[in-house]
Amino acid sequence: HTSIHTTTAATTTCAGRQQGGKEEEGDLIVFKQRIEEQHTERVQQALVMANRVKELEGAVQTVTKELSEKNQLLESTQQLFIEHEQSWSSQVKVLTMERDTLKKRTDEQEITAAETARTGE
């Protein structure tokens with residue numbers, strides 16, 4: 001399909017100039033060479049782009065893998081934090097109960113001591 005178009009375009013151009021048969025043939029050859037060079041150039045550019053796409057896909061896979069690893073690390077760190085937080089929370093409850101118990105005992109001892117001092121025992 002393309003060759004028909006290029007030949008027609010070249011023939012029209014040459015016929016427009018009304019040059020001799022040999023010159024017309026030479027123009028066609030030059031025109032055909034130019035088309036082939038452009039085609040080769042485009043194929044090379046396409047190959048370069050295809051390689052670049054492969055490189056980028058590889059980079060995306062690497063980044064995705066790293067991101068996944070970091071997410072897993074974050075999740076395990078969060079889980080660890082939650083466990084520690086629960087542990088600290090229960091330790092605080094135990095310590096608070098112990099403090100309250102000690103305060104109660106101290107208060108009772110102070111009352112007992114005050115009563116003993118008042119009654120003179």
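This report walks through the fold, the confidence, the salt bridges and one surface patch of a predicted model.

**Overall build**

The protein has 121 residues, and 2% of them are buried. Its secondary structure consists of two helices and zero strands. Helix 2 covers residues 21–119. The accessible surface comes to about 10,900 Å². Carbon and sulfur atoms account for 58% of that surface.

**Confidence**

Mean pLDDT for the protein is 86. A value of 70 or more is reached by 82% of the residues. Where does the pLDDT stay under 50? One such stretch is residues 2–6. The model gives residues 2–6 two contacts beyond four places in sequence. Residues 14–19 also have pLDDT below 50. That stretch has six contacts in the model beyond near neighbours in sequence.

**Salt bridges**

Side chains of opposite charge can pair when their charged atoms come close. How many salt bridges does the structure hold? There are three.

| Pair | N to O distance |
|---|---|
| Arg 52 and Glu 55 | 3.0 Å |
| Asp 100 and Arg 99 | 3.0 Å |
| Lys 103 and Asp 107 | 3.6 Å |

Take Arg 52 and Glu 55 first. Both residues sit in helix 2, three residues apart, so about one helical turn separates them. Arg 52 is partly exposed, with a relative accessible area of 45%.

Lys 103 and Asp 107 also belong to helix 2. Why are they about one helical turn apart? Because Lys 103 and Asp 107 are four residues apart in that helix. Their salt bridge has an N to O distance of 3.6 Å. Asp 107 is partly exposed, at 32% relative accessible area.

The remaining pair joins the side chains of Asp 100 and Arg 99. Is Arg 99 buried or exposed? Arg 99 counts as exposed, because its relative accessibility is 51% and the cut-off for exposed is over 50%. Asp 100 is partly exposed, with a relative accessible area of 37%.

**A nonpolar patch**

Which residues make the nonpolar surface patch of about 320 Å²? They are Phe 81, Ile 82 and Trp 88. Trp 88 lies in helix 2. Its relative accessible area is 46%, so Trp 88 is partly exposed.

**In brief**

The model has two helices and zero strands. Three salt bridges are present. Phe 81, Ile 82 and Trp 88 make a nonpolar surface patch. Two stretches to read with the confidence values in mind are residues 2–6 and residues 14–19.

Notes: Residues numbered from 1 in each chain as written. Predicted model: local features only at pLDDT ≥ 70, side-chain atom pairs only at ≥ 80, totals over all residues. Heavy atoms only, no water. Patch = residues over 30% accessible without salt bridge, like charges linked within 9 Å, V, L, I, M, F, W, Y side chains within 5 Å. Areas by Shrake-Rupley, 256 points an atom, 1.4 Å probe, with all protein chains shown as cover. Salt bridge = Lys/Arg side-chain N within 4 Å of Asp/Glu carboxyl O. Buried < 20%, exposed > 50% of the residue type's maximum accessible area, 1.4 Å probe, protein only. pLDDT = per-residue confidence, 0-100. Contact = heavy atoms within 4.5 Å.
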